[in-house]
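Subject: Structure handover

Hello,

Here is the structure to be passed on to you. My notes on it follow below.

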Amino acid sequence: MATWNSRGLRGSLLEEMINLTNEKYRAGGLALIQKVPTPITPITIDKETRHITLAYFDQKSTVDYIGAVQGIPVCFDAKECAVDTFALQNIHQHQVQFMRDFEKQQGIAFFLIYYTSRDLMYYMSIRDLDVFWERMEQGGRKSFRFDELNKEFFIKPKIGQMVPYLEMIQLDLRRL
């Protein structure tokens, strides 16, 4: 069983940026995306601050966000990467399978990867991830490099939107 501690706060800036973007999309009637809470069982609680300091995950999480964009089901996971090589161990097999199954149901599944050292955000569809995943499963690299990414899917900053991923979904839909 996995244990939660302060390392769970990694990615909270990225999560906050996505949450603000989702609020903007909802207010504009463009999308309805919700953060999926990860169910935990608290073990230790700091009595003074009432913060959970130790907990166990109740079950494997699937994705960070789920919802709909203009009637299209959407799910995605947010990841941060401090270097130019993204280790596939940061993504779990059950997440990949859930996202593959989601797309079989006519949904769109993707990852938002924030390269913190470059201050760049990348949109990676589950289909694009599958190329690297299958390479790993066949004994190849257990990671992918920044220079292997499709330049079209770097998210361009936009005024009023922290993580404007809707344009990337449109671009992705054109490839289907």
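Helices (H or I, at least four residues) and strands (E, at least two) are taken as DSSP runs and numbered from the N terminus. On that basis the chain has four helices and eleven strands. The model is predicted, so read it with these limits: local features need pLDDT of at least 70, side-chain atom pairs count only at pLDDT 80 or more, and totals for chains, interfaces and linings use all residues. Residues are numbered from 1 along each chain as its sequence is written, and side-chain values use heavy atoms, with hydrogens and water left out.

Whole chain

Of the 176 residues in the chain, 37% are buried (under 20% relative accessible area; exposed is over 50% and partly exposed lies in between, with a 1.4 Å probe and protein chains only). Among contacts (heavy atoms within 4.5 Å) with a separation of 6 or more, 63% are between residues 24 or more positions apart. The chain exposes about 10400 Å², with carbon and sulfur atoms supplying 53% of it; the areas come from the Shrake-Rupley method with a 1.4 Å probe, and for residues only the protein chains shown count as cover.

Strand β8

β8 is largely enclosed by the rest of the structure, because eight of its eight residues are buried. Ile108, Phe110, Leu112 and Tyr114 lie on one side, and Ala109, Phe111, Ile113 and Tyr115 on the other. Two strands pair if DSSP finds at least two bridges between them. β8 pairs with β6 (residues 72–81) in the parallel sense over eight bridges, and Glu80 stands opposite Tyr114. β8 and β9 run antiparallel, joined by six bridges, with Phe110 opposite Ser125 in β9. These two strands form a hairpin with four residues between them, and Asp119 in the turn has a positive phi of about 55°.

Helix α3

α3 (residues 126–137) has twelve residues and reaches 15 Å from its first C-alpha to its last, close to the 16 Å expected (1.5 Å times one less than the number of residues). Its buried residues include Ile126, Leu129, Phe132 and Trp133. The buried residues of α3 pack against α2, β8, β9, β10 (143–145) and α4 (166–175). Gly139 follows α3 and has a positive phi, near 95°.

Residue Gln95

Gln95 sits in helix α2 (residues 93–104). Why does Gln95 count as buried? Its relative accessibility is 3%, so Gln95 falls in that class. Apart from neighbours within four places in sequence, Gln95 is in contact with Ser61, Thr62, Asp77, Lys79 and Asn90.

Regards
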